[in-house]
Structures are given as C-alpha cells and as structure tokens.
Amino acid sequence: MSRPVQTPARIALAATAAVAAFAVGGTALIASTARQHSGEVIAAGLGDVTPLPDRPASVDGLNASLNEALALSLAESPAFYVGDDGEIISVERVRAYLERKGSPLVPYAEDFVVAGIDNDVDPRVVIAIAGAESTFGKRQLGHNAWGWGASTTAAMKRWPDWSTSIHEYTAALGERYDTDNVDEAFARRYVPPNWRWWLRTVRAVMAEV
C-alpha cells in the first residue's frame, strides 16, 4: 500500500504549520527563560533589561503570503504518488522518463500518476508493463500498451484514447493483482509463456523510472 498521498499543496501546508509552530515555540522559549517585571523582561542569566517586544507587523503579512501561496498550490499543482520504498513518483519524473524512451505516452504522464493514486497502484508498475509489452506504447492496438484482455491480438482489449486506457487499465490491474509485489507469481499469471524474461524486464524498468 502507498503512504498517504502527498501534494505540493500539502507540503506548503506543512511549511505553514512549521512556521507557526516556530513562532509560538519561540515565544514560549523566551517566556521560559526570562522574568517579566513592571512591563519589562530581564533575560535570565544576563541581567540586561530590555522592553518586551510587540508582535512584529510582518508576521501577519507573512501568514497572508503563505496562505496565498497555499491557495495557488492547491489550485495548480498536480499530485504525486509515494511508493512503498519512499520514492516520490511525480508527474515530471514520469514525463521525463517517457521522453527518454521516445514514448507516445509522454502527454499522459499526469494520467499515470493520478490513476495510480486513485487505485493505489504504483505508476512505475503500469509504465514498466507498458515497456515490456509494447515498448512504452510504440507497438500497440487500440491504445492497449499492456497486452491486456486476451491471449490473441484479435481479442485484445481496445480503448478509445490513451487517457481512458491508462485509468481503466490501472484500475483493473489493481483489482486483479497484488501490485505491491511484482514477483514470480505475478509474472506467471500475467504472461505464463515467457514470465522469466517479462519479470526481469518489468523490474528493470521499475528501477529506472
């Protein structure tokens, strides 16, 4: 299973929380190491008398800026998948890999990631099977890059477009296979005749993505 889905927006939210926590913690630290007397603070161990500072006006401005950045992030930033191994599978990472392979699937990098998140399937598995079965979509029929649906070409599953095929295939794969374990049992079931070669190829691609 994947870890909870992380997005740039959630990272921005965490940063906002960290800034707020630091501000609160810093105030508490000053209070715990100082003595307040007659409207003044005497720093513990120093003996210097300094006025208690007012809340900086810039704090409100900083919070406003962080909130604005967070809103933009929520509206514009695509999600990414976090694998069991802690790897972050972002849209840009998928796109860059498919570009290196000269794949026609490059424009659908976000579909791989979103379909993976929706179905709890590591996008690397879907991409790797496409690599083994159709050289990343270069050799295919009916937008089927995974040899899915039948043992003969005539009966092979066909989809109307790449986006539909990526989402529907990922959902079907997640329902029928344990995609967290691409092992011998997985390979023997998916492609019995030449499972050894298939498993080596799929694992190699997953390590590359």
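Rings of Phe, Tyr and Trp (its six-membered ring) pair if their centres lie within 6.5 Å; planes under 30 degrees apart count as stacked, over 60 as edge-to-face and the rest as tilted. By that rule there are 12 aromatic pairs here.

The model is predicted, so to speak of local features a pLDDT of at least 70 is needed and side-chain atom pairs count only at pLDDT 80 or more, while totals for chains, interfaces and linings use all residues. Residues are numbered from 1 along each chain as its sequence is written, and side-chain values use heavy atoms, with hydrogens and water left out.

**Stop 1: the whole chain**

Show the chain as a cartoon. Eight helices and five strands are present; helices (H or I, at least four residues) and strands (E, at least two) are DSSP runs, numbered from the N terminus. Their order from the N terminus is α-β-β-β-α-β-β-α-α-α-α-α-α.

Switch to a surface. The chain exposes about 11900 Å², and carbon and sulfur atoms supply 56% of it (Shrake-Rupley method, 1.4 Å probe; for residues, only the protein chains shown count as cover). Of the 209 residues, 33% count as buried; buried means under 20% relative accessible area, exposed over 50%, and partly exposed in between (1.4 Å probe, protein chains only). Among contacts (heavy atoms within 4.5 Å) with a separation of 6 or more, 52% are between residues 24 or more positions apart.

**Stop 2: Trp148 and its ring partners**

Select Trp148 and Tyr169. Their rings form an edge-to-face pair, 5.1 Å centre to centre with 90 degrees between the planes. Trp148 lies in the loop between helix H5 (123-134) and helix H6 (162-176) and Tyr169 in helix H6, so the pair ties together parts that are 21 residues apart in sequence. Both Trp148 and Tyr169 are buried.

Trp148 counts as buried at 10% relative accessibility, and Tyr190 at 12%.

Which residues do ring pairs link into a cluster? Select Trp146, Trp148, Trp159, Trp162, Tyr169, Tyr177, Phe186, Tyr190 and Trp198 to see them.

**Stop 3: helix H6**

Select H6. The helix has 15 residues and reaches 21 Å from its first C-alpha to its last, close to the 21 Å expected at 1.5 Å a residue (1.5 Å times one less than the number of residues). Its buried residues are Trp162, Ser165, Ile166, Tyr169, Thr170, Ala171, Ala172 and Leu173. An α-helix has 3.6 residues a turn, so residues three or four places apart point the same way. What covers the buried residues of H6 includes helix H4 (109-119), H5 and H7.

At the N-terminal end of H6, look for Asp161. This residue caps the helix, with a side-chain oxygen 3.3 Å from the backbone nitrogen of Ser163. Polar contacts are pairs of N or O atoms within 3.5 Å; within protein, one must be able to donate a hydrogen and the other to accept it, and residues adjacent in sequence count only if both atoms are side-chain atoms.

**Stop 4: Asn144 in the loop**

Move to Asn144, in the loop between H5 and H6. Is Asn144 buried or exposed? Asn144 counts as buried, at 2% relative accessibility. Polar atoms of its side chain lie 3.2 Å from the backbone nitrogen of Gly147 and 2.8 Å from the backbone oxygen of Lys157. Leaving out residues up to four places away in sequence, Asn144 touches Met156, Lys157, Trp159 and Trp162.

Next select Ser134, in helix H5. Ser134 is buried, with a relative accessible area of 1%. Beyond its neighbours within four places in sequence, Ser134 is in contact with Arg139, Gln140 and Ala145.

**Stop 5: helix H4 and Val91**

Select H4. Its buried residues are Ala109, Asp111, Phe112, Val113, Ala115 and Gly116. They pack against strand E4 (81-82), strand E5 (88-89), helix H3 (91-100), H5 and H6. After H4 comes Asp120, with a positive phi near 55 degrees.

Finish at Val91, in helix H3. Val91 counts as buried at 6% relative accessibility. Val91 and Tyr81 are 10 residues apart in sequence and 9.0 Å apart in space, C-alpha to C-alpha.
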